[in-house]
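Please read this short report with the sequence and the model side by side.

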Amino acid sequence: MKMGLLHLIPRDLKPADIFIAFLFMTFLYILHFYYKHFTRVNPLPGPFPIPLIGSFDIFKGDIDAWFYRLNKEYGHEGVYELTIAGKRQIVITHAEHIESILRHVTRTANDGLLDLFDLDKKGLALNHDYNHWKFNRRIFSPAIMSLTSLNYSPKLSQIENVLFDEMSKYWIDLKQKHEDVIIIDMAAWARRFICDFTSYLTTEKRSNTIHYYHRKLKNEVVTKEMIESEEFIENIKFFVSDNQFAFIPKLIKGLPFIKNRVKRLLDNNHSFYKRLEEIVRKKRKEIEKNINNNDYDFKSKQLDLLTSLIITNTPHDPQPQKNIDPSLSRPMTDAEIRGVLFDAFVIGADTTVNTFCFVLYYVSHNPNVKKKLFEEIKSVFNDDLNRHVTISDLEKLKYCEAIIKEAVRIRPTVSLNTRYCNQPEEVAGYKWPKDMIFIMYSRGINNSSLYWENPEKFIPERHYEPQGVERQQHKNSFLMFGKGPRLCPGRKLAMVELKTLITLVYRKFDVELVDMQAPLNVETSTFTFIKELNIKLIPRELKIHS
Ligand code: HEM
């Protein structure tokens, strides 16, 4: 019995027979694939598909650049199709066609390797199990939103100011004697800054990656703690740049050139999960100790993200949810908390770092915008370069907010946003059967002359003055944080983080690009990842005193 079906294979089978059988099966598969392709419903223009793979371009690395090219070739009618990893996908390039898709809750179909990566039922962003997603979302959303509440936000800005003070000291320290400028790779610093900041918001204990990076640049000794923090960054970086291997069909995961990439990504994630779970376990112990010693009043405290996640739906929950479905009223397990922390560190940090760097890039290319931004900062802070930026300051920084929106419009960090429709749906004037995947190509919509005048120009006033250059032409032509049930839960936090950081940087330094001719140096998978942004920082103190 142990042999299972093996006894059915004839004993005298020769390698040549196996090879012929393999060829025959492959031939049948290809025949079936193209039969399905040529008899598909609603055939649309798009690149001709290759069985199993769809297109080799998916493995070339820069997926965003590939979509940009496809949009130029096939996007003008508002909808085209392509096959990714053997699955037909419909790409929407006009804002008019996305409303009906946005109400769907699932983002991906359950046919890649997400379950192998333990991401299919964990967290939010890649979770495609409705019940698990709903449970996680109901706990994560209020926990992350509460960080920007009146109660917590003073602490939030305090943390960001203190971290920035530390980072800017490191920058000044890197200034060469007799030089007026400091040259840094802002992408590398921003990634570490946001990681240290997110760690603090999560646990009230910071990681040490900006400190590590400074020491590394100065060739100074680094501690074990710093190396561990830095490994955290490496885990995030690796997943962001290689995650397309979590979406490939199971059938091809063993192919020679794919197998190793899948394994490397898996190893990476397992070590990252271990780190995250260790953080959760430590915090849980700390909370239990405090409860046992009776020295913690959750109601009066400003709770960090992790504490909120751990105590929700426990007797210590300061804001118990009423009248909810009993399946949603249990506390989260450590593995579930690890899942949402993964989102905060990977999705939340990556989008914020990219957006921040894109702002610096576009502002440097638009001196008038830079001048207006600095004038706005001066109007709020006068010549005080050191006062902490508060939440009430941020409310006055409207132009700064418009700059962030314009940077995201012109170069969205989430340029592809998907919905999987598990029931028939009408989209772009076609009736579609269930089990279709739709890709909303935000970068194409955001940069379309159908909705934006001179879409290639960086004009923050579009989002700023009601009487300004123009208004958004269609309600869905700019969805910075998405829309519908999957709307970004970190949107408020992101805006606070970005406005504070931009203000702190431009208040203290004039910023210029080292190479004005260089394009944005990004790598894209299903995420965008800024690889490098070399800038010159000119301390404003020097300008005031000279
Ligand atoms: C400038 C920064 C950010 C941008 C541009 C951004 C943008 C987006 C977009 C476009 C989506 C998809 C929404 C949809 O499908 O309708 C999304 C989802 C998400 N974002 Fe953000 N985001 C940012 C920052 C953050 C931060 C700081 C966090 C948390 C710390 C966060 C956590 C998430 C999560 C968990 C999801 C998945 C939600 C779900 O599937 O239910 N994001 N974000």
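How many helices and strands does the secondary structure of the chain come to? The chain has 17 helices and 11 strands, where helices (H or I, at least four residues) and strands (E, at least two) are DSSP runs numbered from the N terminus. This is a predicted model, in which local features need pLDDT of at least 70 and side-chain atom pairs count only at pLDDT 80 or more, while totals for chains, interfaces and linings use all residues. Residue numbers start from 1 along each chain as its sequence is written.

The table gives values for the whole chain.

| Quantity | Value |
|---|---|
| Radius of gyration of the chain | 25 Å |
| Span of the C-alpha trace along its principal axes | about 85 × 65 × 55 Å |

A compact globule with 546 residues would have a radius of gyration near 24 Å, which agrees with the 25 Å of the chain. The radius is taken over C-alpha atoms, and the globule rule is 2.2 Å times the number of residues to the power 0.38.

Of the 546 residues, 40% count as buried. A residue is buried if 20 or more other C-beta atoms, placed from the backbone, lie within 10 Å of its own.

UniProt, in an unreviewed entry, lists Cys488 for "binding site"; such annotations may be inferred rather than shown by experiment. Cys488 is found in the loop between α15 (442-446) and α16 (491-508). Cys488 is buried because 21 other C-beta atoms lie within 10 Å.

The unreviewed UniProt entry also has the annotation "transmembrane region" for residues 16-35. Over residues 16-35 the chain is 100% helix and 0% strand, with the end C-alpha atoms 28 Å apart.

Methods:
Buried ≥ 20, exposed ≤ 12 C-beta atoms within 10 Å, placed from the backbone.
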